[in-house]
Amino acid sequence: DSRRDTPLRICCSVHDALNACINSEQLTSHGILKRMRTFHAVILGIFVLLALGSIVILATFTNNGGNKIGDVEIWGPLPNYVMDDLFRELRGVRSDFEDVKYRTVAKQDLVPQLVEAIASGRAPDLVLFPSSYVVREAEKLVTVPYSSLSKRQFQDTFVQAGEVFLFPEGIKGIPFTIDPLVMYWNRQIFAAVGIAQPPRYWDELTELAPRLTKKDERGTLETSAVALGSWDNVSNAKELFLTLLHGLGNPVVKRGEDGYQSTLKKEDATGDSADSALRFVAQFADPVKPVYSWNRSQKNSRDAFLNGTLAMYYGPASELLSIRAANPNLNFDVAELPRIRSGVPGGYADLYAFVIPNGSRNQRGALLASMALTDPGVQKALSRATGLPSVRRDATALDASNAYETTFREASVSAFAFLDPDPSATDGILKRMLENVLSGKLRTQDATIAGNAELQALIGVK
């Protein structure tokens, strides 16, 4: 290929030019000749390294070998029947997709099995990888250089939350699915107390909670407005707390030139955002507060919603079908998560992206396959199969009259993804912060200081 030979021809030209200069009559001094020979050797070495690097990049991520995908093995948590339908559609328009194979790996087993496969030299070529693990496992994933897919192209194609896969040196993953957190609300409970709509802002929740919560004569909760104030029996407690912090302008973890840094204890114009979020959540578990509506003795929040004793449940969009199936008689609707007035819009979202693991035998084919699978037509088919919104910016709801689809689409556009250094460890840190406040062990400010120290120590280990 002429482009691959270009760096080598440059090296040869420099080599010939330097030899001509060295052999010319102008360089009669032995000292000058010696310095020129040293200079010649250094320059030649630099160009050789550049040439080799260019060859490697071109061989891996360009189409010099044609647009053939070749053999590509993909692992992911989606069921085989979903991917088979997408493959069937692609094979109808692409003859080179015949050798792309998919294997379903359970969500909880995906990361451990991939790590083991990489270590034993049996890595697949492409993996549907969760956004929550991309920071922790980044070194095990191939970086696609911005020369192959520019940062601007990526940002123009995929929703904002997909930028969790953008690293300073390149792209770690091509977004495939997004599952935003939304608010499921019980229409019957709301109607019974004369409330027509769910809260659009978090401060409205504090006004509605006393009206939506019912207690018996002993003060025992019979119907709860919202499940906030404890951790273990609140589904998506971590994601909710991160959403509150995001709305207050606190990313919790940010990536800078020197690596990752905790922003959990962040002073801003309105005070400390972590303290504010912690106080807001804790008040719903305080029996002396008018918004009291939850405690650690309650059943799991999802189960309470299914049983009709919880007015609002915050869960991922992917749970819609299972909620319907679990209780077909439940009269509920879906809305976007409440926002903080004048705050940063958007709630938490989980994403899966196609990543190329170290040890992939066909990296160029893997990249081509991932781009084909994020094509607009394929994304439409995926949304029809899963009920999830598209991860592309140019997508629209499949059925504008379907309120669920419209809500999910709007939630996905404004959603964010968390730069999580370790999903299990960060869950423990945030849980301890809340429990230290609820138990009276620490004041709110001291709890956030301790949590920030833990988080920074965790990041420092990475």
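Predicted model: local features only at pLDDT ≥ 70, side-chain atom pairs only at ≥ 80, totals over all residues.
Residues are numbered from 1 along each chain as its sequence is written, and side-chain values use heavy atoms, with hydrogens and water left out.

**View 1. The protein chain.** The chain holds 16 helices and 15 strands (DSSP runs numbered from the N terminus: helices are H or I with at least four residues, strands are E with at least two). Of its 462 residues, 50% are buried (under 20% relative accessible area, 1.4 Å probe, protein chains only). Among contacts (heavy atoms within 4.5 Å) with a separation of 6 or more, 74% link residues 24 or more positions apart. The accessible surface (Shrake-Rupley method, 1.4 Å probe) is about 21,800 Å², and carbon and sulfur atoms contribute 51% of that area.

**View 2. β6 beside β15.** Strand β15 (residues 349-355) pairs with β6 in the antiparallel sense through six bridges; two strands pair if DSSP finds at least two bridges between them. D179 has D350 of β15 as its bridge partner.

**View 3. β6 beside β13 and β14.** β6 runs antiparallel to strand β13 (residues 310-316), with five bridges joining them. Strand β14 (residues 332-335) is also antiparallel to β6, over four bridges. Y184 stands opposite Y313 in β13, and Y184 has V334 as its bridge partner in β14.
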